[in-house]
Amino acid sequence: MRLFGPDRLIFASDYPDNHFLKPEEIYEFYFNTLNQMDFTEEEAFKIAYQNIEKIMSL
């Protein structure tokens, strides 16, 4: 993911096709995974929110 860079990534889940997590567990699981990567808080915010906001506002 570092090769792409945080400006080119967006957060997404595989809901409703996830077969090993309950729906209420999905966001916590994926955000915990994102938190374990070596992204700064600012980079994680871009991935989880700002990048898709830019795409949707075009």
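Buried means under 20% relative accessible area, exposed means over 50%, and partly exposed is in between, with a 1.4 Å probe and protein chains only. This is a predicted model, where local features need pLDDT of at least 70, side-chain atom pairs count only at pLDDT 80 or more, and totals for chains, interfaces and linings use all residues. Residues are numbered from 1 along each chain as its sequence is written, and side-chain values use heavy atoms, leaving out hydrogens and water.

View 1. Met 56 sits in helix α2 (helices are DSSP runs of H or I, at least four residues, numbered from the N terminus). With 65% relative accessibility, Met 56 counts as exposed. Together with Ile 10, Ile 52 and Ile 55, Met 56 makes a nonpolar surface patch of about 380 Å². Patch members have over 30% relative accessible area and no salt bridge, and nonpolar side chains are joined within 5 Å.

**View 2. Arg 2 and its two partners.** Here we look at salt bridges (a side-chain nitrogen of Lys or Arg within 4 Å of a carboxyl oxygen of Asp or Glu). Arg 2 pairs with Asp 38 at 3.4 Å, N to O. Asp 38 lies in the loop between α1 and α2 and Arg 2 in the segment before α1, so this pair ties together parts 36 residues apart in sequence. Arg 2 also meets Glu 43, at 3.0 Å.

**View 3. Lys 46 with Asp 7.** The closest N and O atoms of this salt bridge are 2.8 Å apart. Lys 46 belongs to helix α2 and Asp 7 to the segment before α1, so the bridge ties together parts 39 residues apart in sequence.

Note on methods: Patch = residues over 30% accessible without salt bridge, like charges linked within 9 Å, V, L, I, M, F, W, Y side chains within 5 Å. Areas by Shrake-Rupley, 256 points an atom, 1.4 Å probe, with all protein chains shown as cover. Helix = DSSP H or I, 4+ residues; strand = E, 2+ residues; numbered from the N terminus.
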